[in-house]
Amino acid sequence: MENNNNQVTGELKSGNKKQVRLFYCMECEELARKVAAHSQLITLQSINWRSFDDGFPNLFINNAHDIRGQHVAFLASFSSPAVIFEQLSVIYNLPRLFVASFTLVLPFFPTGSFERMEEEGDVATAFTMARILSNIPISRGGPTSVVIYDIHALQERFYFGDHVLPLFETGIPLLKQRLHQLSDADKIVVAFPDDGAWKRFHKLLDHFPTVICTKVREGDKRIVQLKEGNPTGCHVVIVDDLVQSGGTLIECQKVLFDNGAAKVSAYVTHGVFPKRSWERFTQKNNRSEKGFAYFWITDSCPQTVKAVENTAPFEVLSLAGSIADALQI
Amino acid sequence: MAAISAQLASFKSFSSLLNDKKCSRFRCQIKSFENQHSNWSVEFFSGKESVHLIRNSSPSISMAASAAGSAVKPAKKVCLFYCSETEVLAKRIAAESDAIELRSINWRTFEDGFPNLFIPNAHGIRGQNVAFLASFSSPAVIFEQLSVIYALPKLFVSSFTLVLPFFPTGTSERMEDEGDVATAFTLARILSHIPTSRGGPTSLVTFDIHALQERFYFGDTILPCFESGIPLLKNRLQKLPDSDKISIAFPDDGAWKRFHKQLQHFPTIVCNKVRIGDQRIVRIKEGDATGRHVVIVDDLVQSGGTLIECQKVLAANGATKIIAYVTHGIFPKSSWQRFEHDNGGQPEKGLTYFWITDSCPHTVKEVKCKRPFEILSLSGSIAAALQ
């Protein structure tokens, strides 16, 4: 799980070095510490998160005067609707404390993954979320920057209004770096579970041979099939932005083994895994002796990281270095 | 009134049938042939001897009037959506007027806990006046309701009104230090960014907002409409016997500022908190409670501590009956349990009545059949505001 990000991203460019005061939500404390550990320019700040008896938040930003004229950032995690409001209260407040600039780091932008606006009447909650974030007050440094990793639907980038500057990052560099460390790095083939994943990621991974899967309807069922590419004898890494129940990944894995893959691993940026669905991937549950060799996720979803940290085949690739660099933008 | 007494007698015989059930409460319209514009209801709680006559607060939407065929100004037709917490109140509002029609929403969740929402028959609301009855009883329920609130105005409706009877988060905060995070400001900001519809900015209807300055938190893209529950209180007071003995008490200067103008025709008592050493003690600052039926009036109640101290001071100063009214019965952690009935006698032991509105649906569920609590419904007032 060691991650020498410096090798991949290079030295920080001289000039443009910003001292950044980093606030964070309770869920993100561990990631925040890692981010601060990456750079002396980033210092951690604290907030008192309490609630009143009626359940509404009772918040206090410590040392609010000290952040005047400073570059400030907030590391957020909207793992469930219940935690949004308290974090939003801080997010709406920080820019108004005479800070020099404000950046919101929201590694995982939720609510986009299931919805398709198919009918008038479908309520796109991703739009609601984007709207809420678009209304973050401006600070002295202008519009707030919002850093998001591997946003699920490419069109979601257009949901944000002009008063925020979305910065769309990706976890793929972390994957590439990890793959280079593998002993069978020359036998790696990247597989995309559907066309959506291919659209999102193929350009970043074009120096690997690729396999594309697709879902085909047979009667009532939808079956995953190989559309393009040849996995025979290779270590195939299935790449996607996120995982929910894991059904798609498991079906892909079967198809790949059926087509001769020697080993199958998976990478997703966001291990959402509602209701502990990650359990189906642990080695004791994965009945075939050919389970996943590796299952890489980033630390964008802190609740999952806590659950799978030392459990094979999971490995957490930390976004800390990438975030530390993004804060210098 | 004779006709009404006769009907009351028949209601009393109903009461023996209803007494078996845990709680019986019914509400009937009484149509008087003499006075077509009065609109009365009877509220009856089983286990109580008395039957209350309450005049509804919105006679302009009287169904008796339309039944008699007299000319009535055409009411604005409104499609009313609601969340699961507010379903009961929404039904009452729709019952107030033929012009208000209830609409449903499919409220489901995805596995990851995020809302999966669908507005059935969305085409059907094009060109209609639409309203949503919200309740932000806890932070967890805000996001799903907000998604609907942000979506409805964009469905080509002719106007959009958000009814949020209780505006939370203002009550315990004081911006004293730079660093205090005013969550009321956050909520006002979120609501100020409701998209505009064809009818222009959204109207926001809220009752007895806690801090008067919160009215200034809203931007120009939303039109706040600040209503009060006091008219319901005044209606209820008219039904009390010995109305000449009623005095209104305010537990602090804040309550006096908010409400004294609406209650000017009653003698008043103003309390305040005085610091003695480490303690803060409630005292009567102005007014006389001796021999009076005192009604303590405030916008909301949380733990109830302030009200209980007021009650004790008033009883000690000669009040013969004590009643409490708050618009919003928040009562976190079931704190309503500290309030007891006076059992017809002892003001220092309990209250004769504790009136709350139905702005906080979770509380209403818990207290609706429990003395001394009585619910005064905002439905008529909301129905009128929707016009």
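In helix α4(A), the residues Thr125(A), Ala126(A), Thr128(A), Met129(A), Ala130(A), Ile132(A), Leu133(A) and Ser134(A) are buried, where buried means under 20% relative accessible area, exposed over 50% and partly exposed in between, with a 1.4 Å probe and protein chains only. The helix spans residues 125–134, and because eight of its ten residues are buried, it is largely enclosed by the rest of the structure. Helices (H or I, at least four residues) and strands (E, at least two) are DSSP runs, numbered from the N terminus. The cover over the buried residues of α4(A) includes α3 (84–93), β6 (101–105), β7 (122–123) and β9 (164–169) of chain A, together with β7 (115–118) and α4 (142–151) of chain B.

This is a predicted model, in which local features need pLDDT of at least 70 and side-chain atom pairs count only at pLDDT 80 or more, while totals for chains, interfaces and linings use all residues. Residues are numbered from 1 along each chain as its sequence is written, chains are lettered from A and ligands numbered from 1 in the order in which they are written, and side-chain values use heavy atoms, with hydrogens and water left out.

Helix α3 of chain A holds Gln87(A), which counts as buried at 1% relative accessibility. Leaving aside residues up to four places away in sequence, Gln87(A) touches Cys25(A), Trp49(A), Phe74(A), Ala76(A), Ser77(A) and Phe78(A), contact meaning heavy atoms within 4.5 Å.

Between the two chains, the contact takes 49 residues from chain A and 50 residues from chain B. The area buried between chain A and chain B is about 4,300 Å², of which carbon and sulfur atoms give 67%; buried area is the accessible area (1.4 Å probe) that two parts lose on being put together, summed over both. Phe56(A), Phe85(A) and Glu120(A) supply 16% of the area that chain A buries against chain B, more than any other three residues. The charged end of Arg131(A) sits over the ring of Tyr150(B), 5.4 Å from its centre, a charge sitting over a ring if NZ of Lys or CZ of Arg is within 6 Å of the ring centre and within 35 degrees of the ring normal.

In chain B, strand β4 (residues 78–82) is mostly covered, since five of its five residues are buried. In a regular strand the side chains alternate between the two faces of the sheet. Val78(B), Leu80(B) and Tyr82(B) point one way from β4(B), and Cys79(B) and Phe81(B) the other way. Five bridges join β4(B) to the parallel strand β8 (residues 129–133) of chain B, where two strands pair if DSSP finds at least two bridges between them, and Phe81(B) stands opposite Phe132(B) in β8(B). β4(B) also pairs in the parallel sense with β5 (residues 100–102) of chain B, over three bridges, and there Leu80(B) stands opposite Leu102(B).

Phe218(B) and Phe226(B) form a tilted pair, 6.4 Å centre to centre with 55° between the planes.

How values were computed: Phe/Tyr/Trp six-rings, centres within 6.5 Å; stacked < 30°, edge-to-face > 60°.
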